Amino acid sequence: MIVADHKLAPLVAAALVPLTLIGGAMAFLLLASSNADATCNPQGGSSVIVDPATVPTGTVAGYSGDQLVNAAHILGAGADLGLGVRDQAIGVMTAMGESSLTVLDHGDDAGPDSRGLFQQRDNGAWGTYADRMDPYTSATNFFTALAAIPDRDSQEPTSLAHQVQRNADPYYYARYWDAAVAVVDALAGSPTGLAAGNGSASCTGLPGVPGEVNPNGWAQPAAGPVRSGYGMRFHPIYHEWRMHTGVDLAGGGCDGPIWAANDGTVTFAGPKAGYGNLIEIDHGGGLRTRYAHMYTNGILVHVGQEVAGGDNIARVGSAGVSTACHLHFEVMVDGNNIDPEPFMIAAGITLGQ
Amino acid sequence: MRWFGAVIILGLVAGCSGEQTATPVADSPAASIGPTSAGTAPAAVPTTTPVPPGVLDEYGQPVETFTEPVWDQASTAAVLNAAMVAMQAFARPDVPYEQWWAEVGPLLSPQAQIDYQYVDPVNVPAHAVTGDPVLVDDASASVAGVQVPTDVGPYVVTLSRADVDASWVVERITPPAGL
């Protein structure tokens with residue numbers, strides 16, 4: 001029996017002793033944590049330390065000159081508070097979204113009293129006018145509020161920035177994450193372990209891995225091999241037939257990439273009994289595909305999002321009733337499960353290969 | 001659409017009446033899936049035979065089936081109204097947070113409730129809905145994008161429904177570009 005999270009071993013052992021008797025036709029059942037360890041963020045947590053006098057002379061992701069100097073002041077404020085590079089990048093991302101890394105001496109329609117890199121308001125929470133206009137001091141006040149948020153390494157960068165800023169759109173800052181990573185890496189002079197594409201993902205250290213798409217738009221949902229096929233099995237303990245409604249793929253193990261099987265709209269992305277977490281994509285015409293057992297931090301899409309075949313929509317996990325890390329993949333036609341293997345073969349994809 | 005061929009095969013087996021059901025099953029895989037799929041005809045033709053009632057899945061839950069929702073007049077009217085109600089509740093920067101959240105929160109999906117609980121309404125730039133909502137994304141009948149005009153430009157409200165009988169809930173309230 002493989003225990004996905006060693007910290008849960010005692011709990012698992014206590015809760016599932018009877019289930020360890022199950023073998024053969026039914027996989028071992030295992031309760032897994034709703035979140036993987038926080039190893040998906042840059043390791044070590046050390047700060048990036050940059051001298052504002054020696055920032056790059058060129059343009060980085062569209063930012064240059066004083067903008068990069070201001071980014072260096074933000075990094076310095078984070079470092080002086082002992083924060084790691086993930087938090088530092090969130091500071092840079094936030095200031096990009098608020099002021100384009102420029103010390104603004106004006107606000108906007110929603111907040112005419114907002115000032116500085118972080119557009120902090122004159123409500124007493126952010127110090128004096130001079131404090132709000134000073135790059136280092138305003139960043140220090142931003143980071144102090146950020147550091148007070150519990151469990152922040154398991155939350156998305158845009159959500160953390162939003163919780164400090166209390167702006168009107170929780171997803172607003174995600175679009176600045178990639179540029180923030182580029183600026184932090186450029187100022188640090190070497191890669192910091194942060195990966196682009198993760199402004200809305202709590203795992204900021206894992207890069208996206210696009211899948212291969214065949215000429216008809218179909219992709220493998222995950223790497224093989226097939227661990228378990230579709231169909232009825234006789235349960236050795238409960239002595240009744242039970243339905244395996246999908247195909248289990250090894251998927252490259254924990255954190256392996258899960259890819260959208262084809263273009264579609266995400267109709268579900270979140271917890272579901274048994275599945276741990278489930279993503280469902282509606283491809284139109286009565287066809288839906290489903291992807292299960294990801295940890296919460298392995299869900300990379302949201303309801304309503306349009307995805308393309310081969311998009312890295314999730315990372316393999318072991319949430320719910322699961323045999324360690326794998327992908328459970330389902331195909332539904334007109335609301336009924338069908339066997340995914342022959343369906344995908346007809347689309348030019350042999351699952352597991 | 002690229003997956004259409006495969007669906008047609010399934011539709012034939014299930015006895016559905018698609019517009020191309022005259023195509024013989026044996027000929028359809030290569031012909032309808034595309035030029036590169038010649039030689040990859042299915043080894044076994046999948047079926048949509050429903051699982052008998054009462055059968056449990058591997059997790060001990062009844063095997064799930066559902067009625068695929070469609071866009072009909074009632075669905076469209078309901079989603080437009082839900083988007084309108086949500087935008088009217090959201091675009092009130094003059095309402096205190098407690099009252100604002102008590103009225104906005106119940107309109108949101110569980111995930112959106114987690115994400116939107118930190119919004120300070122004083123920072124919402126819109127003050128009023130200024131026109132009729134329009135359905136702008138109907139690619140899935142489970143999810144809708146509804147454009148709602150406001151005094152600062154058109155918002156897009158994204159909504160979802162769990163099944164054909166469920167109410168629409170708000171997933172996202174996306175401001176106009178630049179706000």
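Predicted model: local features only at pLDDT ≥ 70, side-chain atom pairs only at ≥ 80, totals over all residues.
Residues are numbered from 1 along each chain as its sequence is written, and chains are lettered from A in the order in which they are written.

Start with chain B. Five helices and five strands make up its elements. Here helices (H or I, at least four residues) and strands (E, at least two) are DSSP runs, numbered from the N terminus. Their order from the N terminus is α-α-β-α-α-α-β-β-β-β. Chain B has 179 residues, and 43% of them count as buried. Buried means under 20% relative accessible area, exposed means over 50%, and partly exposed lies in between (1.4 Å probe, protein chains only).

Now follow strand E3 of chain B, residues 143-150. Six of its eight residues are buried. E3(B) runs antiparallel to strand E2 (residues 134-137) of chain B, and three bridges join the two. Strands pair if DSSP finds at least two bridges between them. A hairpin of five residues links E2(B) to E3(B). E3(B) also pairs with strand E4 (residues 153-160) of chain B, again antiparallel, over eight bridges. That hairpin has two residues between its strands. Val146(B) of E3(B) stands opposite Leu135(B). In E4(B), the bridge partner of Val146(B) is Val157(B).

Turn to chain A. The largest nonpolar core has 42 residues. Such a core is a set of buried Ala, Val, Leu, Ile, Met, Phe, Trp, Tyr and Cys residues joined through side-chain atoms within 4.5 Å. Ile74(A), Val92(A), Met96(A), Val183(A) and Leu187(A) have the most contacts inside it. Helices H2 (66-80), H3 (85-99), H5 (135-147), H6 (157-165) and H7 (177-188) of chain A each give two or more residues to this core. Beyond its neighbours within four places in sequence, Met96(A) is in contact (heavy atoms within 4.5 Å) with residues including Tyr63(A), Leu101(A) and Val183(A). Apart from this core lies another, of 35 residues, among them Leu249(A) and Val307(A).

Next, the interface. Chain B brings 58 residues to the contact and chain A brings 63 residues. The area buried between them is about 5100 Å², and carbon and sulfur atoms give 57% of it. Buried area is the accessible area (1.4 Å probe) that two parts lose on being put together, summed over both. Three salt bridges cross the interface. A salt bridge is a side-chain nitrogen of Lys or Arg within 4 Å of a carboxyl oxygen of Asp or Glu. Arg290(A) and Glu64(B) meet in a salt bridge at 3.1 Å, N to O.

Finally, look at some backbone details in chain A. Most residues other than glycine have a negative phi, and most peptide bonds are trans. The bond from Gly224(A) to Pro225(A) is cis, with omega near 0°. Pro225(A) is in the loop between H7 and strand E1 (226-228) of chain A. Gln119(A) is not a glycine, yet has a positive phi of about 50°. Gln119(A) counts as buried, at 9% relative accessibility. Arg166(A) also has a positive phi, near 55°. Arg166(A) lies in the loop between H6 and H7 of chain A and is partly exposed, with a relative accessible area of 29%.

Notes:
Heavy atoms only, no water.
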